[in-house]
Amino acid sequence: MNLKSTKSCSTTALSTLLCLLTIVTYHPTYGELFTALAEMEELMDTESVLIANLENYVSVQESKLTQLRRKILEYQREHAEAAKDVGAYLSNPVNAFLLTKRLTTDWREVENLMSYDVGADFLENVTNYRDVLKFPSDEDLNGAAVALMRLQDTYNLDTASVARGELNGVQYSTEMSAGDCFELGRQTYLNGDYYHTVLWMREAMDRLSQEVNRTTTKADVLEYLAFSTFKQGNVQTALLMTNELLELVPNHERAVGNKAYYEKELEKEARQKAMRGDDGSEDVPVDTTIQIKKETSSLVYDSTERVLYEQLCRGEAHRAEADLSKLRCRYVTNSSPFLKIAPLKLEEAHLEPYIVIYHEVMSDAEIEVIKRLAKPRFRRATVQNYKTGELEVANYRISKSAWLKDEEHSVVRTVGQRVEDMTGLTMTTAEELQVVNYGIGGHYEPHFDFARREEKNAFKSLGTGNRIATVLFYMSDVSQGGATVFPSIRVALRPKKGTAAFWYNLHASGHGDYATRHAACPVLTGTKWVSNKWIHERGQEFLRPCDLTPDHPEEF
């Protein structure tokens, strides 16, 4: 079934999606704006310019209509006067001249005014704006819709609540119209996601029944809803919906074809049921309720890890009190002369593997400098193909990143030195500072920072060995969501501006620590900025030497 391309449409992630629904262009100029909220902020400027242009267009249009209304009143007045006594009126040569004039030169002026396209100049303005302003593309609209579905699944958000602009019990934005819900459902349909299509088309139908000024049509909603319900396996309900659609639009070509197909499917099911044997009892009533089946897709983690990942993101998975009671907070100097006069605040998050949080290790001023340096260089964040070693984009990592060298700014150098003081490791072989801004529902699904044995080409070009440790700076607070979670050890680190998390990716033996597999939960509300410093093996031989006995698990 190939549904027509429907352009009808009437964040928090929700607010950003509604903005995209408003100004999306069907001639892509910029792509992947949805992957970084920092870039999406510029869309507000675009919308502001478009609003001003539209206001000017309406003003000129109203001026045109005012002139036409004035002409109507003038003509009606003269015509009414003449109609009282046509002969007497026309016997007056002046009146005869004025009538002739009204229907020649005057009427030509009216025709010219009617035919004048006042919108041409304003449409040209929009065309010119595309060269200087950022416009989202269809890809951005679809990406925003996918992000909202990800948030809905991860945080168990009720469809009706999201449509009301309510996220986790907090009211953030205005409500979505039936047309907005329809467009969101249409986007999921285009992705073959019939589970969410049914959810949002049903919500569109509910809202449509309450709207005075309707933002979509029942026929359009039924068309998508019926077919998606069929794809979910409920043929009987799909047929009922299709019949309802045909009552509204009797000659609907696709509906006619689908009706015939659904009837054949039901006949086939009945024959198969009869072949299995019948005890002679009456048929069991058919369940015509919509049964929504959530489809699973190929993921980078198994189902058990997915459950733990989402539970940790929602704050539902907890560790035993006995384990938490062993964790400590303290001031540390790490044998650093500088830290003896300015010790760091350390909070233990986990003991094995050892994960700690350093508090107040990046100032607001430093954060602003780093963000300012990074913004112009943002590119879609990539992952490394474990077979080829090449960097590529992936739908399980939604963010944009930039890399900053120490020599570019004193603040970047200072941060590098601070990491050295924090970790006791050399930065001579560390990677550049990576700055990341997450987009709508931005996330990074469970992954390892280190290269595993089968990843032969990972970091080969650097020539500095594997990633021995990670330092993750949180450069913003996040209203809801955005935690860094370690599913296998049930650890969740909540973003707090100015803090930094540190952990070793490798055992002292050099083998990877698989318990450090971690993920960035989707950002539900707010914006998330982080920066990473990945530290490599070379140069650490005497700073973190191997033990006399292996410290990695026996399976290695």
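This short talk walks through a helix pair and a sheet in a predicted model.

Hi everyone! Because the model is predicted, local features need pLDDT of at least 70 and side-chain atom pairs count only at pLDDT 80 or more, while totals for chains, interfaces and linings use all residues. Residues are numbered from 1 along each chain as its sequence is written, and side-chain values use heavy atoms, with hydrogens and water left out.

Let's begin with the helices. Helices (H or I, at least four residues) and strands (E, at least two) are DSSP runs, numbered from the N terminus. The axes of α7 (residues 138-154) and α9 (residues 178-190) come within 9 Å and cross at roughly 95°. Axes here are lines fitted to C-alpha atoms, for helices over the stretch in contact, with angles from 0 to 180 degrees between N-to-C directions. So α7 is roughly perpendicular to α9 (65 to 115 degrees; under 35 is roughly parallel, over 145 roughly antiparallel, the rest oblique).

Which residues of α7 and α9 make the contact? From α7 come L141, N142, A145, L148 and M149, and from α9 come E183, L184, Q187 and T188. Contact means heavy atoms within 4.5 Å.

Now the sheet. It is open, with 4 strands in the order β11-β17-β14-β15 and antiparallel pairing; two strands pair if DSSP finds at least two bridges between them. At the edges, β11 (444-447) and β15 (491-493) each pair on one side only. The twist averages 15° from one strand to the next. Between β14 (residues 484-486) and β17 (residues 518-520) there are 2 bridges, and V485 has A519 in β17 as its bridge partner.

Finally, helix α14 (residues 303-314) lies across β11, β14, β15 and β17, at about 140° to β14.
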